[in-house]
Amino acid sequence: MSEFVTLFTGMSVFAGVFLGIGLILVMLELFIPGFGVFGIGGFLCMIVGTVARTIEHGLSATEIVLYITYIILIYVFVIGIIVSILVLSAKYGALAKTSLFENKTTLPVTDKKKLREQNKMIGKKGIAVTDLKPCGKVDIDGEVIDVISTKKYIYYGTSVVITDICDETYHVEKA
């Protein structure tokens with residue numbers, strides 16, 4: 001335990017500055033992801049600070065390994081806490097209300113049950129209740145639905161069959 005305390009109390013300004021800058025740059029990489037410049041720079045600063053801390057007091061190889069292990073564990077702990085706070089805030093807190101973490105997508109969300117029902121309609125026959133030029137309405141099993149004729153003009157009362165579904169629109173042809 002005394003080694004852990006001396007890890008921070010006996011640190012020079014040079015080592016402390018590099019360790020601090022390194023930690024800040026790694027945290028900055030979490031907020032501003034990019035090409036990794038901040039992350040790599042922070043990691044290198046942490047290495048320089050760690051090496052400077054272990055070398056400046058003429059420590060033995062065992063103490064150097066022990067100090068480096070302590071510092072790495074502290075980094076992992078601090079970064080883990082920061083990431084946990086960010087994740088919780090993105091899920092439930094203030095970050096969840098920002099545009100960065102909105103749950104909206106540019107693609108429509110399809111209902112699998114609805115998609116299965118629509119696919120069952122392919123091959124079903126019905127009667128045109130309006131002229132299809134090319135859009136109109138068809139009665140299939142007592143349900144009137146909007147359709148598009150894939151071939152040409154279809155007159156009212158003509159028997160049709162559903163051939164395809166595209167973007168939730170039924171395509172029909174003469175039966």
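Modeller: An axis here is a line fitted to C-alpha atoms, for a helix over the stretch in contact, and an angle between axes runs from 0 to 180 degrees between N-to-C directions. The model is predicted, so local features need a pLDDT of at least 70 and side-chain atom pairs count only at pLDDT 80 or more, while totals for chains, interfaces and linings use all residues. Residues are numbered from 1 along each chain as its sequence is written, and side-chain values use heavy atoms, with hydrogens and water left out.

Biologist: In what order do the elements of the protein run from the N terminus on?

Modeller: Helices (H or I, at least four residues) and strands (E, at least two) are DSSP runs, numbered from the N terminus. The protein has five helices and five strands. From the N terminus on, the order is α-α-α-α-α-β-β-β-β-β.

Biologist: Which element of the protein has the highest mean pLDDT?

Modeller: pLDDT is the predictor's confidence in each residue, from 0 to 100. The protein averages 79, and 83% of the residues score at least 70. Among the elements, helix H1 (residues 2-9) has the lowest mean, 62. The highest mean, 94, belongs to strand E1 (residues 125-128).

Biologist: How are the axes of H2 and H3 oriented, roughly parallel or roughly antiparallel?

Modeller: The axes of helix H2 (residues 13-31) and H3 come within 7 Å and cross at roughly 155°. Angles under 35 degrees count as roughly parallel, over 145 as roughly antiparallel, 65 to 115 as roughly perpendicular and the rest as oblique. H2 and H3 are therefore roughly antiparallel.

Biologist: Is the crossing of H2 and H3 left-handed or right-handed?

Modeller: A crossing is left-handed if the near helix is turned anticlockwise from the far one by less than a right angle, and right-handed if clockwise. H2 passes helix H4 (residues 61-91) in a right-handed crossing. The crossing of H2 and H3 is left-handed.

Biologist: How are H2 and H4 oriented, roughly parallel or roughly antiparallel?

Modeller: Two packed helices are described by the angle between their axes and the distance between the axes. For H2 and H4 the angle is about 30° and the axes are 11 Å apart. The two helices are therefore roughly parallel.

Biologist: What span does H4 reach from its first C-alpha to its last?

Modeller: The expected span of a helix is 1.5 Å times one less than its number of residues. H4 has 31 residues, and 45 Å is expected. Its reach from first C-alpha to last is close to that, at 45 Å.

Biologist: Is Phe-31 buried or exposed?

Modeller: Phe-31 is in helix H2, and its C-alpha is separated by 9.3 Å from that of Leu-86, 55 residues away along the chain. Buried means under 20% relative accessible area, exposed over 50%, and partly exposed in between (1.4 Å probe, protein chains only). Leu-86 is one of the buried residues of H4. With a relative accessible area of 53%, Phe-31 is exposed.

Biologist: Are the rings of Tyr-153 and Tyr-155 stacked or edge-to-face?

Modeller: Rings of Phe, Tyr and Trp (its six-membered ring) pair if their centres lie within 6.5 Å; planes under 30 degrees apart count as stacked, over 60 as edge-to-face and the rest as tilted. The structure holds two aromatic pairs. In the pair of Tyr-153 and Tyr-155 the ring centres are 4.6 Å apart and the planes stand at 70°, so the pair is edge-to-face.

Biologist: Is the peptide bond from Lys-133 to Pro-134 cis or trans?

Modeller: Most residues other than glycine have a negative phi, and most peptide bonds are trans. Pro-134 lies in the loop between E1 and strand E2 (135-140). With omega near -15°, the bond from Lys-133 to Pro-134 is cis.

Biologist: What is the phi of Asp-141?

Modeller: Asp-141 sits in the loop between E2 and strand E3 (143-149). At 62% relative accessibility, Asp-141 counts as exposed. Its phi is positive, in a residue other than glycine, and lies near 55°.

Biologist: How far apart in space are Val-172 and Ile-122, C-alpha to C-alpha?

Modeller: Val-172 is found in strand E5 (residues 169-174) and is buried, with a relative accessible area of 0%. Val-172 and Ile-122 are 50 residues apart in sequence. Their C-alpha to C-alpha distance is 9.2 Å.
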